[in-house]
Amino acid sequence: MHSYDTIYDVIVVGAGHAGCEAALAAARMGCSTLMLTINLDAIALMSCNPAIGGLAKGHLVKEIDALGGEMARNIDATGIQFRVLNTRKGPAVRASRAQADKQLYRLRMKRVLEQQDNLHLKQGEVTALYREGDELKGVDTRSGIRFMGRTVIVTTGTFMRGLIHIGLTNYPGGRAGDLPSVGLSDQFRTLGFEVGRLKTGTPARLDSRTIDFTRLETQHGDNPPQPFSYSTERITMRQVPCHIAYTNPRSHEIIRSGLDRSPLYSGVIEGVGPRYCPSIEDKVVRFPDKERHQTFIEPEGLETVEVYPSGMSTSLPIDIQIPFYRSMEGLERVEIMRPAYAIEYDYVDPIQLHATLETKLIRNLYHAGQINGTSGYEEAAGQGLMAGINAALRVQGNPPLVLDRSEAYIGVMIDDLVTLGTKEPYRMFTSRAEYRLLLREDNADLRLREKGHSIGLVPEELYVGFLRKQEMILAEQMRIAQTRLSLNEQEMAFLEEHDLADIQRGTSLEQLLKRPEITYAELSLFDDVSRETRTDVREQVEIQIKYHGYIERQKEQIERARGLEHARLPEELDYFSINGLTTEVREKMQRYRPDTLGQASRIPGVTPAAISVISIALKANSWKTLKGCE
């Protein structure tokens with residue numbers, strides 16, 4: 001094995017969405033960083049849906065941007081349709097989503113990585129971790145080169161022992177067209193990690209020239225399109241529509257006729273698939289009374305004829321795929337350019353991680369992305385960013401950055417993973433966050449920009465702009481609290497038009513804005529300053545006023561839980577020595593080894609009474625006494 005002559009601060013294994021954010025974060029924080037990937041031409045490749053964001057996922061992207069990550073800027077530069085979802089619902093569940101030009105997205109991210117100072121890109125398959133004694137020293141590659149590093153971040157996606165299924169035919173692959181990673185997961189098992197098997201899938205790619213779009217519903221994006229990144233002024237890419245098609249009873253008959261050759265239903269696939277993103281055959285079997293299922297026909301780019309039928313993933317044999325897709329109205333003559341397939345891959349149970357994403361078994365080794373059992377580009381990118389940040393902080397000798405559940409969806413996701421583990425691909429939902437009224441898309445910068453700047457990821461010019469926005473929000477809140485109606489002729493006309501005759505002289509604009517039927521759009525009809533106030537400032541002030549009571553209540557809940565959440569549990573704590581715990585609680589605490597009492601409280605079966613017992617034992621140090629007596 002030839003040892004490369006450079007010792008890197010951080011080595012990132014993999015160049016998917018987790019790997020890109022991890023490598024950029026570490027390099028931007030001043031660490032010499034090496035990214036190793038099987039194929040340099042597949043950096044940030046969108047192997048499934050050519051889109052970023054969606055319900056809860058959009059929140060993750062905004063948080064990545066607020067902390068100084070790249071995903072939001074990349075989609076803003078390459079997106080070809082932008083939509084804000086749930087606009088008729090409250091601000092907590094509104095979410096942004098954008099279609100990407102798949103190739104432009106990949107190429108721009110590759111260019112950003114190549115031009116980043118402190119970051120080195122090399123092609124090579126990592127087959128093993130290199131250790132000297134119990135100390136992690138680097139990684140070994142299939143080509144016989146050993147790369148030395150102080151920390152290692154593994155972001156292998158679906159590549160570890162990847163196996164592709166099309167009908168009863170299967171072959172090794174990390175995704176269609178790519179080789180799998182072989183050897184690394186075997187070493188993880190040898191080192192004592194619990195390694196499991198998961199499954200995901202993707203639809204066929206269709207030739208848009210063979211689709212009759214006149215018979216499909218057209219879905220346009222928002223006009224004007226709203227950017228993801230707080231630093232993007234406007235979207236400049238040409239925008240295009242998507243189209244909606246539907247399956248029908250004949251489609252479902254075709255699917256059922258091939259179930260005996262479905263690897264999903266014939267027992268060939270061992271891995272557990274995503275419950276919330278089922279294949280089309282799974283939908284047909286689980287919902288037999290449903291007459292149709294919807295698909296969005298999404299363009300893969302401006303310069304390609306390939307389109308992606310969202311929601312139509314399948315692993316059925318190709319002779320079933322063709323008539324199935326052609327059974328849908330408007331797709332009777334459709335040609336498949338790339339067949340749909342399912343893929344199985346190894347993952348490492350994330351309960352074996354600290355909240356920093358460092359593994360509990362091996363110091364200086366971090367995991368991020370689908371190796372931790374998540375699904376989705378956004379979940380992977382959020383983990384990659386945090387792993388990159390914490391690896392860099394470790395190298396620099398600084399305390400780690402761990403986001404609370406009350407601070408970010410990223411914090412909710414990581415806490416869920418490291419506290420509970422997962423037996424199926426984990427997907428982010430707004431319902432997973434108990435403080436979701438505080439964790440909105442619109443205020444991600446107010447929650448996290450300061451943290452991103454403090455660790456060196458948010459540059460000074462962006463930070464100055466953020467501080468200016470904060471000042472403007474505070475000034476506007478004070479202004480509308482102090483500005484009172486004099487009931488002049490213009491104001492009287494407004495009140496009559498909006499059936500607000502009960503409003504009295506001296507009522508503040510703040511009190512008026514509390515009314516559910518009044519927004520800044522109405523205020524601007526008679527208040528010149530409201531008309532000129534920046535849109536993002538107006539949005540924040542309006543939400544803070546209309547939801548003030550609910551927001552304050554959630555803040556109080558967070559304060560009450562803060563002591564429990566941050567009470568550290570010693571790594572050497574022996575739960576079997578604590579009197580008053582049931583055998584079930586002792587076994588679970590020994591297995592999960594939570595870092596804090598807050599994490600422990602979320603483990604199923606660990607009761608509030610057990611948390612009280614552990615808390616008392618910690619304060620009294622009784623577990624140490626008992627352990628010493630043994």
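Author: Let's start with a term: a residue is buried when its relative accessible area is under 20%, exposed when over 50%, and partly exposed in between, using a 1.4 Å probe and protein chains only. Cys 242, with a relative accessible area of 2%, is therefore buried. Please keep in mind that this is a predicted model, in which local features need pLDDT of at least 70 and side-chain atom pairs count only at pLDDT 80 or more, while totals for chains, interfaces and linings use all residues. Residues are numbered from 1 along each chain as its sequence is written, and side-chain values use heavy atoms, leaving out hydrogens and water.

Reader: Thanks! How many disulfides does the structure hold?

Author: A disulfide is a pair of cysteine sulfur atoms within 2.5 Å. By that rule the structure holds 0 disulfides. For Cys 48, the nearest cysteine sulfur belongs to Cys 277 and is 6.7 Å away. For Cys 242, the nearest is that of Cys 48, 15 Å away.

Reader: Now a helix, please. Which residues of helix H19 are buried?

Author: Helices (H or I, at least four residues) and strands (E, at least two) are DSSP runs, numbered from the N terminus. An α-helix has 3.6 residues a turn, so residues three or four places apart point the same way. In H19, residues 583–592, the buried ones are Val 585, Arg 586, Met 589 and Tyr 592. They cover an arc of only 150° around the axis (taken from the directions from the helix axis to the C-beta atoms), which puts them on the same side of H19.

Reader: What do the buried residues of H19 pack against?

Author: They pack against helices H10 (409–420), H20 (597–601) and H21 (608–620), where contact means heavy atoms within 4.5 Å. Just after H19, Arg 593 takes a positive phi of about 45°.

Reader: And how many aromatic pairs are there?

Author: A pair of aromatic rings is described by the distance of the centres and the angle of the planes. Rings of Phe, Tyr and Trp (its six-membered ring) pair if their centres lie within 6.5 Å; planes under 30 degrees apart count as stacked, over 60 as edge-to-face and the rest as tilted. The structure holds 6 such pairs. One of them joins Tyr 4 and Phe 147, with centres 5.2 Å apart and planes at 45°, so this pair is tilted. Tyr 4 lies in strand E1 (residues 2–13) and Phe 147 in strand E9 (residues 145–154), so the pair ties together parts 143 residues apart in sequence. Tyr 4 is partly exposed at 28%, whereas Phe 147 is buried at 4%.
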